[in-house]
Every structure is written in structure tokens, then in C-alpha cells.
Amino acid sequence: MIEHPSEQAIKDKVRNAIQRLLDRDRFLLEKEVNERSISHRLAMYLQNEFGDEWDVDCEYNRNHDITKKLTIHPKRVQINDTNATTVYPDIIVHRRGTHDNNLLVIEMKKLTNLREEAKEFDLNKLCAFREVEYHYQYALYLQLKTGFPAKID
């Protein structure tokens, strides 16, 4: 069993990775490129922070051999619709192929793309990832302010 880093250690690693994103990839934020491009770069910096003991993946949709799904209900879905929704979290820190080593799940949104229902849906996804279905130890909702000047709130 791998020892999980402390909450403070995780916060420090995430802050370091975000700072590196700002230092090295400010262009991506200022030019408002696709969120996937930004999340890929952040994931690279997170991998550097978490080292070889943890896997950092973008839009990872597997739970072992099956497609990762959550049973959540955005406002547009009928309450009696109990079908699970396929999910692709923006970034996860985990151990591939294990059941109990889901450390951190991150959802990112550019403020220029932020719609209240999208934010609510992402927050519901994070709660489900953490508390209901995959038991991630931590969840982070990250809002990116893009355009000039680049900044992360």
C-alpha cells in the first residue's frame, strides 16, 4: 500500500504545478486555448510534483476494465432517468489498476466558458467522485481566468 501524501503536501504540489503553468505556459492562458491543452500542461507539472509513485492522467475514463460512469443528474435530465453518465475528469492523480488509490480529481473551467449549470454539474461530479463512487481522497474545482493578464483564481 502506498502512503498517501498529507493534505498540506497535496496543496503544495498543486500550487507548485499551477505556478509552473503560469511561469512556463502563460501564452496558453492569455490566448485562451482549449481547456484540454491547458489541463494537459498542468497534468505534466503535477506528474513532476507527485513523482513516479502516482499516475497523473487527463480525461481518464476507465475503472479497471470498464468505462468510468457516475450516476448524477444535471438539471436537464429527468429525475427518473437513472442511467449512469460516462465521465472524463479533466485530471486525476491515482494509481492505475488499483481500487483504493484514487488521490485527487480535478475539474477545470475557463471563466470565459463558465456557465452556471456547467459549474454546478462539475461540482456534482466532483462530489460523486469523492463521496459516492470512486472515493477520491481530494477533489479540486479550478477556475482559470484567461485572456490578458493570465491569472488563476
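Me: Helices (H or I, at least four residues) and strands (E, at least two) are DSSP runs, numbered from the N terminus. In which helix is Ser39 found?

Reply: This is a predicted model, in which local features need pLDDT of at least 70, side-chain atom pairs count only at pLDDT 80 or more, and totals for chains, interfaces and linings use all residues. Ser39 belongs to the run of residues 35-50, which is helix H2.

Me: What is the relative accessible area of Ser39?

Reply: Leaving aside neighbours within four places in sequence, Ser39 is in contact (heavy atoms within 4.5 Å) with Cys58, Asp90, Ile91 and Met108. Ser39 is buried (under 20% relative accessible area, with exposed over 50% and partly exposed in between, for a 1.4 Å probe and protein chains only), its value being 2%.

Me: With which side chain does the side chain of His94 make a polar contact?

Reply: His94, in strand E6 (residues 91-94), is buried, with a relative accessible area of 3%. Not counting residues up to four places away in sequence, His94 touches Trp54, Asp55, Asp57, Tyr60, Asn101, Asn102 and Leu103. A polar contact is a pair of N or O atoms within 3.5 Å, where within protein one must be able to donate a hydrogen and the other to accept it, and residues adjacent in sequence count only if both atoms are side-chain atoms. At 2.7 Å, the partner of the His94 side chain is that of Asp57.

Me: Within what arc do the buried residues of H3 fall?

Reply: In helix H3 (residues 116-132), the buried residues are Ala118, Asp122, Lys125, Leu126, Ala128 and Phe129. Seen down the helix axis, and taking the directions from that axis to the C-beta atoms, these residues line one face of H3, because they fall within an arc of 160°.

Key
Residues numbered from 1 in each chain as written. Heavy atoms only, no water. Expected span 1.5 Å × (residues − 1).
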